[in-house]
Amino acid sequence: MRFGAHLSIGRGWSALARTARAEGMESVQAFSRSPRGGKAKAIEPADAAAMQRELEEGGIRPLIIHVPYFVNLATANPQAREYTVETLALDVVRASELGSPYVVTHLGSAPGDRGEALNRAASAIALVLDASARTSPVSRPVILLLENSGGGGGDVGSRLEELAYVLTSLGRGGAGRLGLCLDTCHAFVAGYDLAAEGGPERFVDEVDRLIGLDRVKAFHLNDSQGRLGSSFDRHAAIGQGYLGTGVFAALNATPDFAETPGILETPEEGRLADLAALKALRG
Ligand SMILES: [Zn+2]
């Protein structure tokens, strides 16, 4: 696995790459814009080029773009849906400008029937892929990664069956454009016992059976402040939550994930220690 962390873009893209390199990251993730909303700042081509040089020299790959939290693919509100599709399509274009192969998004939440919420999410994703295919000039398509949720507050996409449903809803057209980003904390609070003996292996087997390991393009490696099945989505530093470190060692040792990025989204002040803890699991 290629270990890295989520970094903020406060001082620009090349500064982000210098930080990732200075801290010994092997992959990195960032929001492409302020996660709190507002208009996205244009990407300076010189800044993006300097970042790409720095990442390449540091052997850091890939850069993953995470969409802002206010997007909601499952919403039944027409305005929110339109805003979500626009925002995601633009983030796919921004990712290609930045040389990033992956854009990570949650499916979002909605009250009421989960099946209908999943259908709305699937059709919104089809719109995003259409719009980004029209506006993105690149030959190498950016892959949209669906992240599993913790399942609280009407969040859909907490069960692997739900993610499989959306991933296959676009038929073969979606195969090269849609993948999966698995968050260990979210899976655990959604009820997958990654802390149990053999738990990580059973989870990986189920992902393989329902979706296929080749669709897993990234992991979010977070320990959990919430208990198993609690739907309480709060990340903990590595080894300081209910997950323990066994799951990270098991995923890292899975041959299918040898080159898969594993991104920390743990509290920033512990980032260096968390990265060191993950690397130590390699023995
Ligand atoms: Zn995550």
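Predicted model: local features only at pLDDT ≥ 70, side-chain atom pairs only at ≥ 80, totals over all residues.
Let's start with the barrel. Eight strands close into it, in the order 1-2-3-4-5-6-7-10. The pairing is parallel. On average, neighbouring strands of this sheet are turned by 30° against each other, direction ignored.

Strand 6 covers residues 178-183, and strand 7 covers residues 216-220. They run parallel, and four bridges join them. Which residue of strand 7 stands opposite Leu182? That is Phe219.

Now the helices. Helix 5 is residues 160-169, and helix 7 is residues 199-210. They pack at an angle of about 30°, with their axes 10 Å apart. Angles under 35 degrees count as roughly parallel, so that is what we call helix 5 and helix 7. Their crossing is right-handed. Who makes the contact? From helix 5, Leu160, Glu161 and Ala164. From helix 7, Glu206, Val207 and Leu210. By class, that contact has four nonpolar residues, two charged and no polar ones.

Next, the loops. Look at Pro62, between helix 2 (45-57) and strand 3 (63-66). The peptide bond from Arg61 to Pro62 is cis, with omega near -5°.

Last stop, Ser231. This residue sits in the loop between strand 8 (223-224) and strand 9 (235-236). How many other C-beta atoms lie within 10 Å of Ser231? There are 17, so Ser231 counts as partly exposed. Buried would take 20 or more, and exposed 12 or fewer.

Definitions and conventions:
Residues numbered from 1 in each chain as written. Axes fitted to C-alpha atoms, helices over the stretch in contact; angles between N-to-C directions. Helix = DSSP H or I, 4+ residues; strand = E, 2+ residues; numbered from the N terminus. Parallel < 35°, antiparallel > 145°, perpendicular 65-115°, else oblique. Left-handed = near helix turned anticlockwise from the far one by under 90°. Contact = placed C-beta atoms within 7 Å. Nonpolar A, V, L, I, M, F, W, Y, C, P; charged D, E, K, R; others polar. Pairing = 2+ DSSP bridges.
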